Amino acid sequence: MATPRKNQISLADTSYYHCISRCVRRAFLCGKDALTGRSYEHRREWVESKLLQLAQIFCIDVCAYAVMSNHTHIVLHVDKPKAQHLTDKAIVLRWHKLFKGTVLSQRFLQGEQLDTAELAALQGRILIYRERLSDISWFMRVLNEGIARQANREDGCTGRFWEGRFKSQALLDEAALVACLAYVDLNPISAKAADLPEHSDYTSVKARIASAKQGKQPTTLMPFVGNPRKNMPKGLPFELQSYLELIEWTGRCMREDKPGHISSDATPILQRLDICPGNWLALTTSFTKVFRGAVGKEQALTTYCQHQHRKRRVDLSNSQALFA
């Protein structure tokens, strides 16, 4: 039986989550259908544009993404403090970019005077909006529902477009986070849809490389802010240059004519996170096969299960072996 979404999201343990959505019957989301010859490639831009647009509205950051032919991979960061600190007006403005809201919320934005009862009702509604704007389920709902409607309209049909609800994995520590980021960014190369990271269309790694050439980082993605330190700014706790080097080295190891060995001094990230280079390839090429639920080292996984009142630590042996 599938685990309820509320039992998969635990912000007390981590704010990072890996989300996967697949098309119904594994049909073509994008790319070219070999049977009909019809191209759906333009839909990949739909997903990327919608995803990055929602990141500007929700209090949720996009860390990595890859839009594949029949599924999507997204790594999200929930910024709960931001949702709590936004003013009531800012919350309503953001929500109205997604939905019409209520008569009271519309009157509130127009500056109309509300009586005591109306203000109380509005405050209750704003509290709901505030929670939803930092909720992964609502983020993925708005993303997937919008794409489904657009695709069904184009195909002239109705019904399900996505294969049930999205799958979610908690990324409990830095080791799990960097392994999942690499797995997502290298997905097109694993699927032989691209030969180089910079040629992987509709992926976060291509956007980061394009910006890095100009000495910048994409404003639509959560930035890399360097190694953990005092007064740490908001962002991914890794060096961007080291991460891109890590992607390059891993991609080379994934080639069929390579032995799949990564030397111990290939990148500082592996040393800092105490991940054995011999295990790195397994983590970044088979992430969703090796781990079915939350991902992290043994201690992080134990704490997460305690908070979620779970008796079993799923995939514990894989965590012990691969993060050793």
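Arg-94 is buried, at a relative accessible area of 15%; buried means under 20%, exposed over 50% and partly exposed in between, with a 1.4 Å probe and protein chains only. The model is predicted, so local features need pLDDT of at least 70 and side-chain atom pairs pLDDT 80 or more, while totals for chains, interfaces and linings use all residues. Numbering runs from 1 along each chain as its sequence is written, and side-chain values use heavy atoms, without hydrogens and water.

**Chain overview**
- The chain has 15 helices and four strands; these are DSSP runs numbered from the N terminus, helices being H or I with at least four residues and strands E with at least two.
- Of the 324 residues in the chain, 50% are buried.
- Among contacts with a separation of 6 or more, 67% join residues 24 or more positions apart; contact means heavy atoms within 4.5 Å.

**Around Arg-94**
- Helix H3 (residues 88-96) holds Arg-94.
- Beyond neighbours within four places in sequence, Arg-94 contacts Gln-56, Ile-57, Phe-58, Lys-82, Leu-86 and Leu-133.
- Leu-54 lies 40 residues from Arg-94 along the chain, and their C-alpha atoms are 9.8 Å apart.

**H1 against H6**
- Helix H1 (residues 42-57) packs on helix H6 (residues 136-155) at about 150°, with axes 10 Å apart; axes are lines fitted to C-alpha atoms, for helices over the stretch in contact, and angles run from 0 to 180 degrees between N-to-C directions.
- That angle makes H1 roughly antiparallel to H6; under 35 degrees counts as roughly parallel, over 145 as roughly antiparallel, 65 to 115 as roughly perpendicular and the rest as oblique.
- H1 contributes His-42, Arg-43, Trp-46, Val-47, Lys-50, Leu-51, Leu-54 and Ala-55 to the contact, and H6 contributes residues including Phe-139, Val-142, Leu-143 and Ile-147.
- By class, the H1 contact with H6 has ten nonpolar, two polar and four charged residues; Ala, Val, Leu, Ile, Met, Phe, Trp, Tyr, Cys and Pro count as nonpolar, Asp, Glu, Lys and Arg as charged, and the others, Gly among them, as polar.

**H9 against H10**
- The axes of helix H9 (residues 204-212) and helix H10 (residues 240-253) come within 12 Å and cross at roughly 130°.
- H9 is therefore oblique to H10.
- Val-205, Arg-208, Ile-209 and Ala-212 of H9 meet Leu-240, Leu-244 and Ile-247 of H10.
- This contact of H9 with H10 has six nonpolar, no polar and one charged residues.
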